[in-house]
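Welcome, and please open the model in your viewer. We will go from stop to stop, selecting a few residues each time and looking at what is there.

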Amino acid sequence: MTTPSTDTDEAATSRPAAATEDGTTGAPLLQVRNLRKSFGGITAVDGATFDVDRGTITGLIGPNGAGKSTTFDLVTGVQTPDSGQVIFDGTDTTGWRPHRSANRGLVRTFQIARELDEMTVLENAMLAPRGQLGEQLWRAVLPGVRDEVVKQEERLREQAWETLEFLELDHLAEEYAGGLSGGQRKLLELARVLMLEPEMILLDEPLAGVNPTLETKLLERLHALRDDGYTFLLVEHDMDVIMNHCEPVIVLHQGSVLVEGPPEQVKSDDRVLEAYLGEDV
Ligand code: ADP
Ligand code: MG
């Protein structure tokens, strides 16, 4: 899965790289510092502080209302924190809008909007990758640029096919997105963020409503991508998935980090059990 590199300042290097190979220090890829966000009287995120190391599938768990989704929103710029910092790959990205964070290599999946149901799976996968020359249509009148736009469109299409193949969605490429099952839709959401060639992907309950066969496939793909250098932060309700696939695991409770560590350790921590009391897990 390679696309033409983009020339914008914020474009991340095209491939994620392991800490030891890319010349950066062993510093965490993502550092979240003292994030806070209130809605009226409710403090959704209350001083959350944690790191995500490169090349991990880090789990973020916590009871309903713990602030997991809001934390994702703050990290990826969907919402602006009241205070605190988000440092991604050494750059302070606090308050950056989602497209700017995505250009830097930090993305989250989004539910595919209903209006895209009438586009094919392939068209969905090809939508809006960063730095696309085609976005600058006015340039197409310039000599030479038009050919470049056409070439880039071809490369984009190729990349989309490769991504769909990787996720085993290629046989559905010409189907309308609206006809996909819940699980296939999740895979397409993942395809769309992979098209952005990010370094780090945040997934908020990617397995909700996904059947066991597709769940296995999705988890396999996450591991393959992780082995390839991608970094994941995963919110998931299913404890077995978290315990079997994530390391480390961070437990959020009332907007701040309660416990973090290896899954076995987190699982048997009394504070975690207590936080989940009354929850059906
Ligand atoms: P989680 O994803 O862990 O279940 P959320 O981040 O969705 O938790 O929510 C944390 C708290 O913030 C909850 O009490 C929720 O009701 C509240 N909250 C989240 N988003 C909003 C919002 N846009 N307006 C008001 N309250 C919100
Ligand atoms: Mg949530």
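Start with the salt bridges: count a side-chain nitrogen of Lys or Arg within 4 Å of a carboxyl oxygen of Asp or Glu, and the total by this rule is 13. This is a predicted model, in which local features need pLDDT of at least 70 and side-chain atom pairs count only at pLDDT 80 or more, while totals for chains, interfaces and linings use all residues. Residues are numbered from 1 along each chain as its sequence is written, chains are lettered from A and ligands numbered from 1 in the order in which they are written, and side-chain values use heavy atoms, with hydrogens and water left out.

**Stop 1: charged pairs**

Select Arg-54 and Glu-199. Their closest N and O atoms are 3.8 Å apart, and the two form a salt bridge. Arg-54 sits in the loop between β2 and β3 (57-61) and Glu-199 in the loop between α5 and β7, so this pair ties together parts that are 145 residues apart in sequence. Helices (H or I, at least four residues) and strands (E, at least two) are DSSP runs, numbered from the N terminus. Are Arg-54 and Glu-199 buried or exposed? Both are buried, where buried means under 20% relative accessible area, exposed over 50%, and partly exposed in between (1.4 Å probe, protein chains only).

Asp-89 belongs to the loop between β4 and β5 and Arg-104 to helix α2 (residues 98-104), so the pair ties together parts that are 15 residues apart in sequence. Arg-104 has a relative accessible area of 15%, so Arg-104 is buried.

Now move to Arg-108 and Asp-204, whose closest N and O atoms are 3.8 Å apart in another salt bridge. Here distant parts of the chain are linked: Arg-108 is in strand β6 (residues 106-108) and Asp-204 in strand β7, 96 residues apart. Arg-108 is buried too, at a relative accessible area of 11%.

**Stop 2: a four-stranded sheet**

Switch to a cartoon view and find the open sheet with the strand order β2-β1-β4-β5, paired antiparallel. At its edges stand β2 (42-52) and β5 (91-92), each with a single partner strand, so one side of each has no neighbour in the sheet. Two strands pair if DSSP finds at least two bridges between them. β1 and β4 pair in the antiparallel sense over five bridges, and β4 (residues 83-88) pairs with β5 over two bridges, also antiparallel.

**Stop 3**

Select residues 68-75, helix α1. Seven of its eight residues are buried, including Phe-72, Leu-74 and Val-75. α1 lies across β1 (30-39), β2 and β4, running at about 115 degrees to β1; axes are lines fitted to C-alpha atoms, for helices over the stretch in contact, and angles run from 0 to 180 degrees between N-to-C directions. Just after α1, Gly-77 has a positive phi of about 80 degrees.

**Stop 4: the nonpolar cores**

A nonpolar core is a set of buried Ala, Val, Leu, Ile, Met, Phe, Trp, Tyr and Cys residues joined through side-chain atoms within 4.5 Å. The largest one has 50 residues, and those with the most contacts inside it include Ile-61, Leu-190 and Phe-232. Helix α5 (residues 182-194) gives the most to this core, with six residues. Another core lies apart from it, with 23 residues, among them Phe-50, Phe-72, Phe-88 and Val-235.

Zoom in on Leu-190. Leaving aside neighbours within four places in sequence, its contacts (heavy atoms within 4.5 Å) are Thr-109, Leu-167, Ile-201, Leu-203, Leu-218 and Leu-222.

**Stop 5: an exposed glycine**

Finish at Gly-209, in the loop between β7 (200-204) and α6 (212-227). With 70% relative accessibility, Gly-209 counts as exposed. Beyond its neighbours within four places in sequence, Gly-209 is in contact with Gly-182 and Gly-183.
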